[in-house]
Amino acid sequence: MSNRSRLIGPRGVSALAVAFLLIAVPGALADQSFTDPTGDAGSAPDIGAVSATNDPAGNITLTIATNEPQLDPNAAFFAYFDTDSNGATGLQEAGIGAEYFLLADATGAILAEVQGNVIFVHLTSTATAGYSAGTETIRVNRSDLGDASSFRFLVESDQDDGNGNTLATDKASDGPPYPEYSLTQAVALTLSVARPAPLKGKPVAGKPFVVAATVTRSDGAAFTSGVVSCKARVGTKSLRAAGLVRPGSARCSMRVPKSAKGKLLRGTMSVSTSGAAAANERTPSASRNGGVAGVW
Ligand SMILES: [Ca+2]
Ligand SMILES: [Ca+2]
């Protein structure tokens, strides 16, 4: 049915490069579930529990648990969405005024939009549906529901006789007021990375060198996991640098080549943790290191 992250000049000039980045991860979502009585469905799939969830991308998932391990070919589900939370507008169905509704079965879903007295059927949409182990799962993106941030909803199972005649239905909930579902926006988490500094002393040609930076999460939780990406180069030549996560900090570890003497070492550090990341680099500031290698 689916249509649907320097080393040295001759006098030893060094540089410091800092990178910091912002990261967004999912926040708490407005998951919701309720139960429906059993034995109230006649020959229709008997709905026992319903849940609604959404993800940061606005994908709404309805799961409808029934008493039928396999869905009868002549059974289907309706999901009604009152997106303006006004029972007086939209398709009137058991006390809900639906601006959108979905017809779904074991193979897919079709989206319908109600405008005044006209129902538009969207042959293609984000709506999908499937049935497994007695549970119907319906998904649709909010973009197909007028970008609604909340809605009241009603789900219903239907059993017909194969000729389109409805034999029995089970509604959940059984009547108004219908549950109001709010899509909670993802809470933006940001990571701030302090200016990286040498863990011990200045870089020396031919010796290991480690820079470390304090990492702070905007949600107050300790930074304990993530990915540290390091880029380093001596003069114009790239230098291998390994990223490490330490509680509350990130490190870049490298071995300064002997050939680095008198050259400039510079690098950047990027840190991310579960979620998408964006990084910005600060222009390196220079400091004197009258010796061999420079400072990060
Ligand atoms: Ca029921
Ligand atoms: Ca309405």
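This is a guided tour of a predicted model, stop by stop, for use with the structure open in a viewer.

Residue numbers start from 1 along each chain as its sequence is written, and chains are lettered from A, with ligands numbered from 1, in the order in which they are written. Because the model is predicted, local features need pLDDT of at least 70 and side-chain atom pairs count only at pLDDT 80 or more, while totals for chains, interfaces and linings use all residues.

**The whole chain, coloured by confidence**

Begin with the entire chain coloured by pLDDT, which is the predictor's confidence in each residue on a scale from 0 to 100. The mean over the chain is 81, and 81% of the residues reach 70 or more. Select residues 1-29, where pLDDT stays under 50 and for which the model has 146 contacts beyond four places in sequence, a contact being two residues whose C-beta atoms, placed from the backbone, lie within 7 Å. Then select residues 278-296, where pLDDT likewise stays under 50 and the model has 73 such contacts. Where pLDDT is low, the predicted coordinates should not be read in detail.

Switching to a cartoon view shows zero helices and 24 strands; helices are DSSP runs of H or I with at least four residues, strands are runs of E with at least two, and both are numbered from the N terminus. Of the 296 residues, 40% count as buried, meaning that 20 or more other C-beta atoms lie within 10 Å of a residue's own, whereas 12 or fewer make it exposed and values in between partly exposed, with C-beta atoms placed from the backbone.

**The largest nonpolar core**

Next, select A79, F81, L102, I138, F153 and V155, which touch the most other members of the largest nonpolar core, a group of 40 residues; such a core is a set of buried Ala, Val, Leu, Ile, Met, Phe, Trp, Tyr and Cys residues joined through C-beta atoms within 7 Å. Strand β5 (residues 75-82) gives the most to this core, with six residues. Apart from it lies another core, of 24 residues, among them A232, L239, A241 and L265.

Centre the view on L102, and leave aside its neighbours within four places in sequence: L102 is then in contact with F78, A79, A109, I110, L111, A127, I138 and V140.

Select strand β9 (residues 109-115), of whose seven residues five are buried, so that the strand is largely enclosed by the rest of the structure. Strand β8 (residues 100-104) pairs with β9 in the antiparallel sense over five bridges, where pairing requires that DSSP find at least two bridges between two strands. Y100 has E113 as its bridge partner in β9, and four residues lie between the two strands of this hairpin. On to strand β10 (residues 118-122), which runs antiparallel to β9 and is joined to it by five bridges, with H122 the partner of L111. This second hairpin has two residues between its strands, and G116 in the turn has a positive phi of about 60 degrees.

**The five-stranded open sheet**

Now display the open sheet whose five strands follow the order β2-β3-β4-β12-β11 with antiparallel pairing. Its edge strands are β2 (32-35) and β11 (128-132), each of which pairs on one side only.

**Strand β22 and its partners**

In a regular strand the side chains alternate between the two faces of the sheet. Strand β18 (residues 208-217) pairs antiparallel with β22 over seven bridges, and A213 stands opposite A250. Strand β21 (residues 241-246) also runs antiparallel to β22, joined by six bridges, with G243 partnered by C252. Two residues separate β21 and β22 in their hairpin, where G248 takes a positive phi near 80 degrees.

**The three-stranded open sheet**

Finish at the open sheet of three strands in the order β20-β19-β23, whose pairing is antiparallel. β20 (237-239) and β23 (265-272) stand at the edges with a single partner strand each, so one side of each is left without a neighbour in the sheet. Strand β19 (residues 227-234) pairs with β23 over eight bridges in the antiparallel sense, and V227 has S272 as its bridge partner there.
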